[in-house]
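Thanks, everyone, for making time this morning.

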Amino acid sequence: MVNLSSKKLRFLAGTVAVAGFAALAMPAQAVQSRATAGEPTPVQSKSAETPQSVQAESTQRSVAASSTTNIVRYNRLYKTPAIPPSKCKEVNVSLRTAAGVSAYDKQLLTCMWAAWAPVLKAAGANYSLKPTLIIHNYSKVNTHCGVVSGPTSYYCGYKNGQIYIPWGYIASLWKQSPTYARAYATNTLAHEYGHHVQFVTGILNASWTRQRAFSTSAAKLEENRRRELQASCLGSAYIGANKRYYPMSGGLYTQWQYLVTHSGDMAGHPRDHGSFANHGWWSNTGFYAASSKTYAGRCNTWNAASSRVS
Ligand SMILES: [Zn+2]
């Protein structure tokens, strides 16, 4: 279903901006950071994948700052070879039900895991960790990263990593436009997997350590945007690598482009995810390849000017 009027597209974008916005942009750690002081922070304390950041926290702040900067900005991830196409096709199933969304995302997750493995191996990361997929339709979910409410997709860096997807929200999009719902479901899972890539390479925890260490809210927000925009870039890099097989073309591509250029910060909300323009820019940077390949190295948002992550 591609034939949408511009009015309909605007309506859909509004829907995304209100509810899906968080799905695209809010990681579990964002939720975790809002947890009250008495609650544990399992992501950080139990992550065995980021020994450098844990160690850094126990040393002087200046040492911690420089080592976490090394992790986010000079990570081995940025020197890895091209992301191979998973060669997985899109699952032909209705996203109207929990079973449909589950079948769709289950295969997509396995495909992402397989495609990212050689890249993560080259980065020296734990490439065999496969995140757990939780398809739910609760208004509130208790996770190891805190309580999350609303139709929010998110990543929790706990154990092997956990991806939460609210199927009801995707089903509501499906009623309006199945093509848009497919673009949304694909892009959202790819974004969350981007956080998983950050998790196993140590970037996720290092970034949170940096964010907490900054003294101004402007600096904290910029760090948040660099992390989120990178997750979108990495997700799009997977989608771009596999675009001939999935395939990301025609109506699905049109809807995907609309989605990624209309996701990000809205007026009246915290500037923690990036402008629509920058979200679109990083998504397309990930998606489009040098020659016919895509590289995680193109997603170094920590090497970008502040204006590019505004
Ligand atoms: Zn995110």
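I will begin with the chain as a whole, then turn to one helix, and finish with some backbone details.

Please keep in mind that this is a predicted model. The secondary structure comes to twelve helices and five strands, and of the 310 residues of the chain, 50% count as buried. If we take the contacts with a separation of 6 or more, 77% of them are between residues 24 or more positions apart.

Now to the helix, which is α9, residues 203-213: nine of its eleven residues are buried, so the helix is largely enclosed by the rest of the structure. Among those buried residues are Trp208 and Arg210, as well as Ile203 and Leu204.

Let me turn to the backbone. Most residues other than glycine have a negative phi, and most peptide bonds are trans. Against that background, Lys87, in the loop between α5 (61-73) and α6 (98-122), has a positive phi, near 65°. Lys159, which sits in the loop between β4 (154-156) and β5 (162-166), also has a positive phi, of about 55°, although it is not a glycine.

Finally, the peptide bond from Tyr246 to Pro247 is cis, with omega near -20°, and Pro247 itself lies in the loop between α10 (217-241) and α11 (250-260).

Methods. Residues numbered from 1 in each chain as written. Predicted model: local features only at pLDDT ≥ 70, side-chain atom pairs only at ≥ 80, totals over all residues. Buried ≥ 20, exposed ≤ 12 C-beta atoms within 10 Å, placed from the backbone. Helix = DSSP H or I, 4+ residues; strand = E, 2+ residues; numbered from the N terminus. Contact = placed C-beta atoms within 7 Å.
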